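Visitor: I am new to this structure. Could you pick one part and take me through it closely, then work outwards from there?

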Amino acid sequence: MATIEECLGALDRLAENLTGAGGELRAAAAPDRSLSCHVTDLDVTFVGHLRDGHLKEVWSVEGVPERRAEIALEMTGDDLVALVDGRLNFARAWASGRIRLKAGLRDVLRLRSIL
């Protein structure tokens, strides 16, 4: 089971990937959206903003926040780390229910190209 520190590290790597991205990937990450990732096995949610192609202002809260983010993900810590490291295919994990996603259709398509 991934630790909180490993999950934060995965989110940092995601932010680095977005920062260094170019072309279509950068365009997909461009909108200003609130983003949350609830790590089910740790019962902690990481909350931040996807803005200008960067993941910014990331913090954690215990449980699930009362206010839902515009893009809300839910998965285990191991799946978060595997997803960011490229060992877990986002589309397959989402289709199988390993990753839950609540977002508008346009955001789903953008997120799919980012991950």
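Guide: Start at phenylalanine 46. Which residues is it in contact with, leaving aside its neighbours within four places in sequence? They are Ile4, Cys7, Leu8, Leu11, Leu35, Ser36, Cys37, Val39, Val58, Trp59 and Ser60. Contact here means heavy atoms within 4.5 Å. Before going on, note that this is a predicted model, in which local features need pLDDT of at least 70, side-chain atom pairs count only at pLDDT 80 or more, and totals for chains, interfaces and linings use all residues. Residues are numbered from 1 along each chain as its sequence is written, and side-chain values use heavy atoms, with hydrogens and water left out.

Phenylalanine 46 sits in strand β2, residues 44–51. Strands (E, at least two residues) and helices (H or I, at least four) are DSSP runs, numbered from the N terminus. Is phenylalanine 46 buried or exposed? Its relative accessibility is 2%, so it counts as buried. The cut-offs are these: buried is under 20% relative accessible area, exposed is over 50%, and partly exposed lies in between, with a 1.4 Å probe and protein chains only.

One of the contacts is leucine 8. In sequence, phenylalanine 46 and leucine 8 are 38 residues apart. In space, their C-alpha atoms are 8.2 Å apart.

Ile4 and Val58 both touch phenylalanine 46. Together with Leu8 they form a nonpolar patch on the surface, with about 200 Å² of accessible area. A patch is built from residues with over 30% relative accessible area and no salt bridge; nonpolar side chains (Val, Leu, Ile, Met, Phe, Trp, Tyr) are joined within 5 Å, like charges within 9 Å. Accessible areas come from the Shrake-Rupley method with a 1.4 Å probe, and for residues only the protein chains shown count as cover. Isoleucine 4 belongs to helix α1. At 36% relative accessibility, isoleucine 4 is partly exposed.

Next come the charged pairs. A salt bridge is a side-chain nitrogen of Lys or Arg within 4 Å of a carboxyl oxygen of Asp or Glu. The structure has four by this rule. In one of them, arginine 13 pairs with aspartate 85, with closest N and O atoms 3.0 Å apart. This pair links distant parts of the chain: arginine 13 is in helix α1 (residues 4–19), aspartate 85 is in helix α3 (residues 77–85), and 72 residues separate them. Arginine 13 is partly exposed at 30%. Aspartate 85 is partly exposed too, at 37%.

Aspartate 85 also meets arginine 87 in a salt bridge, at 3.4 Å from N to O. Arginine 87, at 60% relative accessibility, counts as exposed.

Another salt bridge joins arginine 100 to glutamate 74, with closest N and O atoms 2.5 Å apart. Arginine 100 is in strand β5 (residues 100–102) and glutamate 74 in strand β4 (residues 71–75), so the pair ties together parts 26 residues apart in sequence. Arginine 100 is partly exposed at 45%. Glutamate 74 is partly exposed at 25%.

There is one aromatic pair. Phenylalanine 90 and tryptophan 94 have ring centres 6.1 Å apart and planes at 20°, so the pair is stacked. Rings of Phe, Tyr and Trp (its six-membered ring) pair if their centres lie within 6.5 Å; planes under 30 degrees apart are stacked, over 60 edge-to-face, and the rest tilted. Both residues lie in helix α4 (residues 90–96), four residues apart, which means about one helical turn between them. Phenylalanine 90 is buried at 2%, whereas tryptophan 94 is partly exposed at 35%.

Last, the whole chain. It has five helices and five strands, in the order α-α-β-β-β-β-α-α-β-α. Of its 115 residues, 42% count as buried. Among contacts with a separation of 6 or more, 57% are between residues 24 or more positions apart. The accessible surface is about 6500 Å², and carbon and sulfur atoms account for 49% of that. As for confidence, pLDDT is the predictor's confidence in each residue, from 0 to 100. The chain's mean is 82, and 80% of its residues reach 70 or more. Among the elements, α3 has the highest mean pLDDT (94), and helix α2 (residues 23–28) the lowest (52).
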